[in-house]
Amino acid sequence: MSVTIKDVAKKANVAPSTVSRVIHNSPTISEKTKRKVRKVLKEMGYHMNENARNLVTKSTKTIGIVMKNSARESLYNPFFPEVIRGIGDFCNKEGYSLSLTTGESEEAIFEDVIKMVQGRRVDGMIVLYSKQDDKVVPYLVQQSFPFVLIGKPRTDMSGITFIDNDNVQAAKELSEFVINLGHKRIAFLGGSPEFEVIQSRLSGFRLAMEQAKLKVPEENIKLIPLNRADGIKAIEELLNLPQAPTAFIVMDLLLGVLLLGVLAEKNLKVPEQISVVCFNHSEFIEFLSTPLTTVDIHTYQLGYEAAKCVFDLISEPKMMEKSIRIPTKIVKRESHSTIEKENN
């Protein structure tokens, strides 16, 4: 049988109302009494009935996480566990739990969101993506439900608090890094074009190429879903071009690892013959046979700041929207090299 406030009050020789005030750290109770009651609480193993408390406060003590794809698919990608770790660390400090959408399709994920909102199962939400033709964000705006977006909102939407990197600038800097290595035939690989982050990075890539006065053949740009079959097909098409790329700029770490595997099968050496750089960071990079040069977008911090913002919105729903930019940096490893002009 669980320990009650009355049990604690009896052993501590105080009134049940005093125990309740100690639990809620009331300033009307002396520090001496608080210490005595807290000692008894600990000795008796008392745990607050959160469900009862939530009924009184009308709070679920839960934050909803809206996944880009099904949880099964998303959690294969190192980005999502890391961003959720950042969200979870902040929420844990506030005594909150997380609830992830579990739908296997966009429609099922949207239905999950409706159930969370209409059933008041969560106090706020964090949406882990920004894309065209999305139903989730417009619905949350319409419902005036507290939420934060990781990614830049669509241009036709306003009043949204969001956390993002400057993806145009990050892609421009990474592209300039590759260009300064002497590469001119550069491929841009990965990411479905309906996602805002891909469009921003493509803009940065094009800007760098334009400023370097380098032509970008459209066949050097492959905007694809992040899966193995489409990835291998796109990589092989790029390698079979009459003027095959000498460098790849890849939008996702998993696709970068897939690229390394395809190149190894074709006996193409990285970085001696082909340079590979990509976005996102993970500790497992150091275990690759050729550790990848990456753009660290500080995924953990994206999640942590998003959680902070959603708590602000929960406490003050009419708070003016804001945007936070998380800086990026290029982490140089072993997958890139300079190239001689005559070979380019």
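This is a predicted model: local features need pLDDT of at least 70, side-chain atom pairs count only at pLDDT 80 or more; totals for chains, interfaces and linings use all residues.
Who does the touching? On the helix 9 side, the contact includes Asn167, Val168, Ala171 and Ile179. Helix 10 brings residues such as Val197, Phe205, Leu207 and Met209. Sorted by class, this contact has eight nonpolar, six polar and three charged residues.

## Helix 6 meets helix 13

Now for another pair. Helix 6 (residues 79-93) packs against helix 13 at an angle of about 40°, with the axes 7 Å apart. That makes helix 6 oblique to helix 13, and the crossing is right-handed.

Among the residues in this contact are Phe79, Val83, Ile87 and Phe90 from helix 6, along with Tyr300, Leu302, Tyr304 and Phe311 from helix 13. By class, you'll find ten nonpolar, three polar and five charged residues here.

## Rings that pair up

Searching the whole structure turns up eight aromatic pairs. One of them is Phe90 with Phe311, an edge-to-face pair with 5.4 Å from centre to centre and 70° between the planes. Since Phe90 belongs to helix 6 and Phe311 to helix 13, this pair ties together parts that are 221 residues apart in sequence. Both Phe90 and Phe311 are buried. Ring pairs also join Phe90 and Phe311 with Tyr96, Tyr300 and Tyr304 in a cluster.

Phe110 and Tyr139 make a pair too: their ring centres are 5.6 Å apart and their planes stand at 90°, so this one is edge-to-face. Phe110 is in helix 7 (residues 106-118) and Tyr139 is in helix 8 (residues 136-142), so the pair links parts 29 residues apart in sequence. Phe110 and Tyr139 are both buried.

## A glutamate in helix 13

Back to helix 13, which spans residues 299-315 and holds Glu305. Is Glu305 buried or exposed? Its relative accessibility is 14%, so Glu305 counts as buried, the cut-off being under 20%. Leaving out residues up to four places away in sequence, Glu305 touches Ile163, Ile324 and Ile326.

Conventions. Residues are numbered from 1 along each chain as its sequence is written. Side-chain values use heavy atoms; hydrogens and water are left out. Contact means heavy atoms within 4.5 Å. Helices (H or I, at least four residues) and strands (E, at least two) are DSSP runs, numbered from the N terminus. Ala, Val, Leu, Ile, Met, Phe, Trp, Tyr, Cys and Pro count as nonpolar, Asp, Glu, Lys and Arg as charged, and the others, Gly among them, as polar. Buried means under 20% relative accessible area, exposed over 50%, partly exposed in between (1.4 Å probe, protein chains only). Axes are lines fitted to C-alpha atoms, for helices over the stretch in contact, and angles run from 0 to 180 degrees between N-to-C directions. Angles under 35 degrees count as roughly parallel, over 145 as roughly antiparallel, 65 to 115 as roughly perpendicular and the rest as oblique. A crossing is left-handed if the near helix is turned anticlockwise from the far one by less than a right angle, and right-handed if clockwise. Rings of Phe, Tyr and Trp (its six-membered ring) pair if their centres lie within 6.5 Å; planes under 30 degrees apart count as stacked, over 60 as edge-to-face and the rest as tilted.
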